[in-house]
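Open your viewer and get the cartoon on screen.

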Amino acid sequence: MLNLRKTLFCGQCFRWRETAPGIFCGTVGNRFAVFSQQDFPQLSSDPFWHHYFDLDTDYAALNQQLAALNSNLQKASLHGAGIHILRQDPWEALCSFILSQNNNIPRIQGIIGRLCGGEENPPESYNGFFQKAAAYPFPRPETLASYSVEDLAPLRCGFRARYILDAARKVTDGTVQLEKLHTAPLEEARASLMQIIGVGPKVANCTLLYGLHRMDAFPMDVWMKRAMKRWFPGTKPETFGPAAGLAQQYIFDFIRNGE
DNA sequence: CACCAGGCTCCGA
DNA sequence: TCGGAGCATGGT
């Protein structure tokens, strides 16, 4: 059973807000939504949200596979049960994780909110719940490609501004073809993304996992290195198999909220 | 005031 | 190829 709060706030996406206890507001594509946990399973009948929340994937089966590999991973997967890997827009995921580097989640949310315009232009209210969830679509790469670093100054994203612009240009001119990365070999897809200034292995892997639903991608960072050393000494990411990305998300969530 | 934040680039050995 | 400073900004 999908857990909305865990799924939306485990660090895989940045445009949702819990505007009141149990009330989640966010924008996906050009749809602004207000959900609560009770909206499931009714939500699953809507094809758009069904796809976004990845309701066709058998997470129970994946959990069992992961839990069987290692007792520590079993703990992490129990703690993370209910997390789904969202099917986010590749471009939005790429931008989000470029902005996430050397940054923290609240500030990432703020920057992305400003990038989408919702922080400066909030609708008057939405069922009384609206606070600062950005009810505006994520800007397209063609739009951002026409901007300059100075134009992005109001975002206050610092040195990441030129990275965003380089990403926008390379996606717009076809240097990086995001849709092709769905089926490209993992290493090839990673190398393609790393043509972008400011995109290293971590950002590339996060883009693949969260933006292209490449469950085989394993974002390795300082957190994960620490976790691997502590809980899985001598283990390599490949050990986690085709659901390595999901394992990574469980472990990340476990470090943040469990442990 | 120091330190940190889901890293990456650049530079020097 | 490897290690470490520097990077802009905001929060604690």
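Here is the tour, stop by stop.

This is a predicted model, in which local features need pLDDT of at least 70 and side-chain atom pairs count only at pLDDT 80 or more, while totals for chains, interfaces and linings use all residues. Residues are numbered from 1 along each chain as its sequence is written, chains are lettered from A and ligands numbered from 1 in the order in which they are written, and side-chain values use heavy atoms, with hydrogens and water left out.

**Stop 1: the whole chain.** Select chain A and colour it by secondary structure: you will find 12 helices and three strands. Helices (H or I, at least four residues) and strands (E, at least two) are DSSP runs, numbered from the N terminus. Turn the view along the principal axes, where the C-alpha trace spans about 50 × 45 × 30 Å. How does the radius of gyration of chain A agree with that of a compact globule? With 259 residues such a globule would be near 18 Å, and chain A has 18 Å, which agrees. The radius is taken over C-alpha atoms, and the globule rule is 2.2 Å times the number of residues to the power 0.38.

Now colour by burial. Buried residues make up 52% of the 259 in chain A; buried means under 20% relative accessible area, exposed over 50%, and partly exposed in between (1.4 Å probe, protein chains only).

**Stop 2: helix α8.** Select residues 161–172, the 12 residues of α8. At 1.5 Å a residue they should span 16 Å, and the end C-alpha atoms are 17 Å apart, which agrees. The expected span is 1.5 Å times one less than the number of residues.

Is α8 mostly covered or mostly open? It is mostly covered, with nine of its 12 residues buried. Show their side chains: among them are Tyr163, Ile164, Leu165 and Val171, and also the charged residues Asp166 and Lys170.

**Stop 3: two loops.** Go to the loop between α5 and α6 (105–116) and pick Asn102. Its phi is near 45°, a positive value in a residue other than glycine. Asn102 is exposed, with a relative accessible area of 69%.

Finish with Arg156, in the loop between α7 and α8. Arg156 also has a positive phi, near 55°, and is exposed, with a relative accessible area of 54%.
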